[in-house]
Amino acid sequence: MPAISSLAAQPSNRVSGRSPLRIHLRANLGRIWVHVVLCAYAVIALFPIALILINSIKSREAIFDNPLAFPNPESFSLIGFEKVLQNTNFLLYFSNSLVVTLGSLLLIVLFGAMAGWALSEYKFLGNRLISLYLALGIMIPIRLGTVSILQLVVSLNLINTRTALILVYTAQGLPLAVMILSEFIRQIPKELKDAARCDGVGEFKIFFQIILPLIRPAIATVAVFTMIPVWNDLWFPLILAPSDQTNTVTLGVQQFIGQYVTDWNSVLASLSLAVIPILIMYVIFSRQLIRGLTSGAIK
């Protein structure tokens, strides 16, 4: 009987025309196509950054003659970096951006994790309404409330301060952080938290010593997704902190762009210096970021 069944199965494979070799070849072609698409997207995403870095160390004439060419001994020039570091307060702008970004990240991660813990762990009246309210915060751009935010900042006497920017960016990043972190916290086994409670561990210790270490990939994901918009933002620094002492990097670069003349060496040099922290952070947290994205997709 087994021999008869195997003989009966062979014609069906021939009829279907799906040999193991063909199936394996089709799977390999699918993987190759995916890698081709991903490599093309990576080239498109990295091309502007590479163009900025290459032209930042070239003379003005070489930039306009052939912007895609690599620098050579004749076209190599660091005049842009010299202008930026000697003739401007770029280090002050850089420190302002660093303080605002790190302060915002700290508050977003801390309050986002606390809110995510509360919404996922405790069932109370209004739980769903708060989640819906946070979802609306993701869908509605915060820039629609610029006038109200400016009036509030002026009334609190926080105009031209880094505190105003930190508070605004914290409000901007909290909804997404709460949604991401709450989903990760729900995946933590309930038995682990109950065991800690049976041992007499308080809620604060459970949160800081058990929950936070377990959601580090999610925290890295939130940090990367939050840092880039905050670091690159020009809107709120221009409106809330336009003074020279509170300028951020993106706002400080604008002084090199004029109506009739633009100092491209200084612009490209300052942009290159501004890109470096983003690249360093991505290199440091790339593994955690990938783990966070894949962990959130698999339950």
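Modeller: Helices (H or I, at least four residues) and strands (E, at least two) are DSSP runs, numbered from the N terminus. By that rule the protein chain has 14 helices and zero strands. The model is predicted, so local features need pLDDT of at least 70 and side-chain atom pairs pLDDT 80 or more, while totals for chains, interfaces and linings use all residues. Residues are numbered from 1 along each chain as its sequence is written, and side-chain values use heavy atoms, with hydrogens and water left out.

Colleague: What makes Phe 207 buried or exposed?

Modeller: Buried means under 20% relative accessible area, exposed over 50%, and partly exposed in between (1.4 Å probe, protein chains only). Phe 207 has a relative accessible area of 3%, and is therefore buried. Phe 208 stands at 38% relative accessibility, so Phe 208 counts as partly exposed. Across the 299 residues of the protein chain, buried residues make up 34%.

Colleague: What makes Phe 207 and Phe 208 an aromatic pair, and of which kind?

Modeller: Rings of Phe, Tyr and Trp (its six-membered ring) pair if their centres lie within 6.5 Å; planes under 30 degrees apart count as stacked, over 60 as edge-to-face and the rest as tilted. The rule gives six aromatic pairs. One of them joins Tyr 169 and Phe 236, at 6.3 Å centre to centre with 85 degrees between the planes, and is edge-to-face. Tyr 169 lies in helix H8 and Phe 236 in helix H12 (residues 235-240), so this pair ties together parts that are 67 residues apart in sequence. Both Tyr 169 and Phe 236 are buried. As for Phe 207 and Phe 208, their values are 4.9 Å and 80 degrees, and that pair is edge-to-face. Ring pairs also link Trp 117, Tyr 122, Phe 207 and Phe 208 into a cluster.

Colleague: How do you know which element gives the largest share of the lining of the second largest pocket?

Modeller: A pocket is an open set of points on a 1 Å grid over the protein atoms alone, where a 1.4 Å probe fits, with protein on both sides within 12 Å along at least five of seven lines; lining residues have an atom within 4 Å of a point. The second largest pocket is lined by 18 residues, with Gly 137, Ala 171, Gln 172, Gly 173 and Pro 175 nearest its centre. Helix H6 (127-139), helix H8 (162-186) and H11 each give two or more residues to this lining. H8 supplies six residues, the largest share.
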